[in-house]
Amino acid sequence: MTEDWNRTALLVIDMQKDFIEDWGSVPLKGGKDIVPNVIKAVEAARQRGILIVWVVREHDPLGRDVELFRRHQYEAGKVGPVSKGSKGAELVNGLVIKERDYKLVKTRFSAFFATHLHSVLQGEGINSLVVTGVQTPNCIRQSVFDAVALDYQHVTVIVDATAAATPDIHLANVLDMKNVGVATLTLQEWSESKA
């Protein structure tokens with residue numbers, strides 16, 4: 001696959017402590033395992049001059065902007081998952097937003113739903129996306145399917161820099177994405193691909 005790196009963005013989705021750390025409010029089994037590969041993907045993207053988009057969830061501490069099925073997690077003074085300003089909303093150690101990067105806050109699974117991500121990417125001339133993060137059946141898959149629906153020319157999921165609750169769930173969702181034309185590469189395969 002040939003890519004023009006100047007027209008490519010790396011999406012790093014939900015690599016936040018509440019989703020990754022054992023003490024997080026909703027830790028994903030296997031999330032910690034992909035942290036080194038996500039760090040390497042970010043480093044490779046920086047070397048190639050690829051725009052890095054940090055897609056994070058940050059919710060109102062009272063849960064007013066969270067999905068209905070999660071609202072109970074914010075009741076009675078509880079600090080719900082990825083509440084704005086909480087330790088759990090921070091990126092995991094080793095991942096750092098730098099000056100030329102872009103941070104996008106979302107409140108639903110897809111990075112495109114009710115956000116201005118598509119406008120930002122269009123403004124930057126981006127037509128190809130590379131996706132990393134958690135979790136495969138929810139935020140990864142919905143963001144990827146929206147990117148396909150929005151006609152991004154190339155959408156790539158780095159399969160060993162994304163994770164789900166179990167390997168079986170991860171692989172089933174990777175297959176579904178592959179079946180709609182998404183490239184499903186390992187970090188090594190993507191790192192060795194040429195612009």
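View 1. Ala, Val, Leu, Ile, Met, Phe, Trp, Tyr, Cys and Pro count here as nonpolar, Asp, Glu, Lys and Arg as charged, and the others, Gly among them, as polar. With those classes, the lining of the largest cavity divides into 5 nonpolar, 2 polar and 2 charged residues. Phe19, Arg57, His59, Val66, Arg70, Gln73, Tyr74, Pro81 and Val82 form that lining. The largest cavity holds about 40 Å³ of space, and the structure has 1 cavity of 30 Å³ or more. (On a 1 Å grid over the protein atoms alone, a 1.4 Å probe fits in a cavity but cannot get out; a pocket is open, with protein on both sides within 12 Å along at least five of seven lines; lining residues have an atom within 4 Å of a point. Points join across faces, edges and corners, and volume is the space filled by probe spheres set on them.) Please keep in mind that this is a predicted model, in which local features need pLDDT of at least 70 and side-chain atom pairs pLDDT 80 or more, while totals for chains, interfaces and linings use all residues. Residues are numbered from 1 along each chain as its sequence is written, and side-chain values use heavy atoms, without hydrogens and water.

**View 2. The largest pocket.** About 250 Å³ of space opens up here. Of the 14 residues in the lining, Gly49, Ile50, Leu51, Arg100 and Glu124 lie nearest the centre. By class, 7 of the lining residues are nonpolar, 3 polar and 4 charged.

View 3. Among the lining residues are Asp14, Phe19, Arg57, Arg70, Val134 and Gln135. Then turn to Val134 and Gln135, whose peptide bond is cis, with omega near -15°. Gln135 belongs to the loop between β4 and α4 (136-149). (Helices, H or I of at least four residues, and strands, E of at least two, are DSSP runs numbered from the N terminus.)

View 4. Six strands make an open sheet in the order β3-β2-β1-β4-β5-β6, with parallel pairing (strands pair if DSSP finds at least two bridges between them). At the edges, β3 (102-106) and β6 (183-185) each pair on one side only. From one strand to the next, the twist averages 25°. Strands β4 (residues 128-134) and β5 (residues 154-163) run parallel and are joined by 6 bridges; Val134 stands opposite Ala163 in β5. Helix α2 (residues 31-48) packs on the sheet, touching β1 (8-13), β2 (51-57), β4 and β5, and its direction makes about 140° with that of β5. Helix α5 (residues 167-178) packs there too, touching β5 and β6, with its direction at about 175° to that of β5. (Contact means heavy atoms within 4.5 Å; axes are lines fitted to C-alpha atoms, for helices over the stretch in contact, with angles from 0 to 180 degrees between N-to-C directions.)

**View 5. The annotated span.** An unreviewed UniProt entry places "domain: Isochorismatase-like" at residues 8-188 (positions use the numbering here, names are shortened, and annotations may be inferred rather than shown by experiment). The end C-alpha atoms of residues 8-188 lie 18 Å apart, and the span is 31% helix and 21% strand.
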